[in-house]
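Trainee: I have a new model open and would like to learn how to read it. Could you walk me through a few features?

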Amino acid sequence: MLTSVFRKTIWDRRRGFLWWSIGVLAISGITVSFWPTLQRDSDALMDLLEGLPEGMLNLFGASEAVDFLTGPGFVNSRVYASVGSFVVIFFAISMGTAAIAGEEDKGTMDMLLANPIPRDRVVLETFAAQAVLVTVLATLVAALLLITDPMLDVGLPVGGVVAASTGMVLLALSFGSLALMIGALTGKRGLTVGVASGAVIATFFINGLAPLIDSIEWTQKLTPFYWLLDHNPLANGFRWQLLVLLAAIAVFMSVAVWGFRRRDAL
């Protein structure tokens, strides 16, 4: 098992991954099941939403209240722009943290590196395992939405669900690769979790609230959430903005490989 870091990582996460899968399916299923009720009470919901500050709408990927009253707009705001993505993001961070910093914290990295495995492979194979499991989570979300869509008449475009779920993967891996990079550079589990989790919360609020303040509006484009949500892939399908997330992942992984290779001691 130790000769394949990829298989070891998948094996180590097998039980926890089951619960993450159940969690993301439950959140997505409960969310979409509310759609018929919202349709019946749309007038009351509109009155409520119109009273919310603009910043609250921005936080959930909507430019105006009416966006919440369409099936795709509602699913986008609850699954892809907030709760659903957060589950997948924090799963990716947990894997990114465990990959290097977690192994060092447990004292098992020496055992791993005692095998004829280059350090580059340790980083890249743990990331590959992270990418596979994150993709499975997003695929489960997409499958659930597409299966329930005709039953609940949500009106989700198949291409949009695929694009948004792909964006969810890239968004989660942006933060997961950030955690992996911090762990590779420092080997400190607590620091890795704190910085990566803090980055999620900070960039989420910056993306939603920065447009309300002219002097800091430009900071919105520094957040991964902007590059997923600004062009609304659920409604518009694949757009070039997703490539920015892919580029960020590539940068973080390059630094992770470089940093772990050059650390003198564990």
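Predicted model: local features only at pLDDT ≥ 70, side-chain atom pairs only at ≥ 80, totals over all residues.

Trainee: Is H231 buried or exposed?

Mentor: A residue counts as buried when its relative accessible area is under 20%. H231 has 6%, so it is buried. Leaving out residues up to four places away in sequence, H231 touches N236, G237, R239, Q241 and L242.

Trainee: What about a residue inside a helix, such as Q130 in helix 9?

Mentor: Helix 9 covers residues 119-152, and Q130 is part of it. Q130 has a relative accessibility of 1%, so it too is buried. Apart from neighbours within four places in sequence, the contacts of Q130 are A92, M95, G96, L173, G176 and S177.

Trainee: How many helices and strands does the protein have?

Mentor: There are 14 helices and zero strands. Of the 266 residues in the protein, 50% are buried.

Trainee: Which residues are buried in helix 1, and how should I read their arrangement?

Mentor: Start with the general idea: an α-helix has 3.6 residues a turn, so residues three or four places apart point the same way. In helix 1, which spans residues 5-12, the buried ones are V5, K8 and T9. These residues span an arc of only 100° around the axis, so they are on the same side of helix 1.

Trainee: And how do I describe two helices that pack together, say helix 10 and helix 11?

Mentor: In general, two packed helices are described by the angle between their axes and the distance between the axes. Here, helix 10 (residues 158-186) and helix 11 (residues 189-209) have axes that come within 9 Å and cross at roughly 150°. Angles over 145 degrees count as roughly antiparallel, so that is how helix 10 and helix 11 run relative to each other. Their crossing is right-handed.

Trainee: Which residues of helix 10 and helix 11 make the contact?

Mentor: Helix 10 contributes F175, L178, A179, I182, G183 and T186, while helix 11 brings L191, T192, V195, A196, A199, V200 and T203. Sorted by class, this contact holds nine nonpolar residues, four polar ones and no charged ones.

Notes
Residues numbered from 1 in each chain as written. Heavy atoms only, no water. Axes fitted to C-alpha atoms, helices over the stretch in contact; angles between N-to-C directions. Helix = DSSP H or I, 4+ residues; strand = E, 2+ residues; numbered from the N terminus. Parallel < 35°, antiparallel > 145°, perpendicular 65-115°, else oblique. Left-handed = near helix turned anticlockwise from the far one by under 90°. Contact = heavy atoms within 4.5 Å. Nonpolar A, V, L, I, M, F, W, Y, C, P; charged D, E, K, R; others polar. Buried < 20%, exposed > 50% of the residue type's maximum accessible area, 1.4 Å probe, protein only. Arc of directions from axis to C-beta.
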